[in-house]
Amino acid sequence: MTQLVRFLVVFNLIHPSPDRKMCPFSWFASATVFIITCLTVVPMVNGQFNITEPGRRTHIYGQDFVAVIPLTTGLPESGSSLQIACVSCQSSSATVRITFLQGNFSENVTVQATSPHFVPLSIFELEPLATTTPPTPAMFNITADENITVTVLVKIAGTLNAYTAFPVDSLDGYYIVASYGMHDEDVSELTVIATEPETHFNLHPYSDVTILGHEDLPATAQIQRGIGGWVTYQTNDSFMGGHLQEVTNKPLIGIVGTHRASAEYGWAQSLDQLHLLVSLGTMYAVMPVAGNHLRNIFRIVPVWENTNITWISWHQSSGKYRHESYILNSGHVLDLTFDSNKIGQIQGSKPFLLLHHIQLGTPVVDTALVTVPPAEQFTRQSFTFATYELPDIEVDTYITTLAPCKYFEQISLKNMAGSASVLDFEKTSGTEDGLEYCGSIRQLESGVYTIGLYPHSPSEAVYSAILYGKTASGVFSYILASELNQVTCSVKDTEPTLCHPPTVPIQPASTVQTQTVTDMTDATDVTIETSTTPNKDKSTGNGTVIGVVIAVVSIVVGLIIFGCCLFKHRLLYSKLRLSRHSQDLRICDDLSESRHLLGRWKRLDESEYLEDNPLRQNVRMHTITDAVSDGL
């Protein structure tokens, strides 16, 4: 730390800013600013990470959403839509307004409590965005006077994509980024959207990542964006659990997915919205989706060092469930595949991310990606949804449900047509082999459904559900029923403190080896991959603590001096910015004046989302890669 501080001070003395005169002690202030930037690019998740809202309870439903659609692979085709559904609406319907933030399109719709509404996305206003370099993601603001869910369904060149959009109130400033790439021609992509003015964020990847349109900058460069500003990261490898962090914890939107490098290979695109880090759990139950020509891969992505993983899965050769254990570190991913008609259970000593990747066809013609809800996010809420329909195209729809075994019979799935008949589930259980959770997968006919718990179910009864769909050339998946509660309350020296610790003891685990293990006699494969960036020792010693204290004291003193030097200039600047910020937060539609609507977004001007907007210029203060690695 001492050598790093000495380097930064010397660097700023030799390279003062050429466009201003330096007042007394301004060299110290300049060095301080640079030190702040270097400290912020060190991922806090492996050091001291304090949560300001312990026990926060947020949901996948709400009244104010921003849905983002990346346009890298082209424009949404006919059949693309936003599915908007009521969630326990207090009245018979909800009043909803959909506003395209980068154009003149807007629409008011009434969503019935018992029937979702589909809003087409193949609109003329999207075309100018796809022609920019790089293509600009489309953004839609959806507000309502009742709680709703918003599902994004996108069809491009025969491929299908879907994800559940999160309400603005459920967003956060810290995420773990992971994806799944299969081939050399695959490209994983992360699109980050700022939701407030003066947003600063960093990506700390474990793979070789570039910033689309700014390939000259390192991937770890601190990015500054105004409200609605965006940036896209790309890698020819998978995102291996890198950290996306907003410096002051302002909320971000992150859309991650994988597609082919060009249409020559078929796009085979998948999309998902990043789940906030503090909502990740320690216990997961999984069920592969059944269907012809489908392959299921479950990817475990650790967040913290020395994460013990215990996996219980069915093995065909032995005819019973088997327990396996591993230890994973940041930058590792563990891929699991197993029999499609059996349930699996995965438990960790620390919260981790679990992705479900689905491949359609041999060779693969399309993929889907969904973040699996942990048991900590199981819900008691009922949700209404409709199957996805395409003209002249058959869509096979499946639903998987998971719940504690003793409460599985409490799940109710109603077909809302006619007499709203209740459908049965065929439960898959492994309780005799140590599984706590049971699951079911069943195919659905076209229609509208409501899933939830029976009215008089025990208060401990909870569940989760995911919807899957496929055609001959496309596959998609998205979360139907889940919560976004806070699981991690604080982190110190890579040890997270859980708000509600798991009641089941963690089983001992053995150290994982960096290799691929395949049991050729069973339908179960295990693949362990490591990042291209070697993991560093992230333990914090006394010397580091002393260095951090010295750096903090230097920062405080430097900021005081810096403020004295620039007070007069900043006073005028602040007055000008105050007016701008007020405009950023005002609401520009007629329904937003209703006290029942929650609108924080305004329709964006062209200068706010195109590359020449001054608010969207990158902050070029960044540290050397080796210095960052040494600080991790």
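Guide: Let us begin with serine 81, which lies in strand β3 (residues 81–86); strands are DSSP runs of E with at least two residues, numbered from the N terminus. The model is a predicted one, in which local features need pLDDT of at least 70 and side-chain atom pairs count only at pLDDT 80 or more, while totals for chains, interfaces and linings use all residues. Residues are numbered from 1 along each chain as its sequence is written, and side-chain values use heavy atoms, with hydrogens and water left out.

Visitor: Why is serine 81 called buried?

Guide: Buried means under 20% relative accessible area, exposed over 50%, and partly exposed in between, with a 1.4 Å probe and protein chains only. Serine 81 has 5% relative accessibility and therefore counts as buried.

Visitor: What does serine 81 touch, leaving out residues up to four places away in sequence?

Guide: Its contacts (heavy atoms within 4.5 Å) include Phe118, Pro120, Thr151, Leu153 and Tyr388.

Visitor: Why does phenylalanine 352 count as buried?

Guide: Phenylalanine 352, in strand β23 (residues 344–360), has a relative accessibility of 0%, so the residue counts as buried. Among the residues that phenylalanine 352 touches, beyond four places in sequence, are Leu280, Tyr284, Val301 and Ile309. Isoleucine 309 is 43 residues away along the chain, and the two C-alpha atoms are separated by 9.3 Å.

Visitor: What makes a group of residues a nonpolar core?

Guide: Such a core is a set of buried Ala, Val, Leu, Ile, Met, Phe, Trp, Tyr and Cys residues joined through side-chain atoms within 4.5 Å. The largest here has 139 residues, and Leu82, Phe140, Ile142 and Ile399 are among those with the most contacts inside it. Strand β7 (residues 138–156) gives the most to this core, namely 11 residues. Another core, of 13 residues, lies apart from it and includes Met287 and Tyr437.

Visitor: How do you know that strands β26 and β29 pair?

Guide: Two strands pair if DSSP finds at least two bridges between them. Eight bridges join β26 (residues 396–404) to β29, and the two run antiparallel. Proline 404, for instance, has tyrosine 437 in β29 as its bridge partner.

Visitor: Why are β29 and β32 said to stand at the edges?

Guide: The open sheet has four strands in the order β29-β26-β31-β32, with antiparallel pairing. β29 (437–444) and β32 (475–481) each have a single partner strand, so one side of each is left without a neighbour in the sheet.
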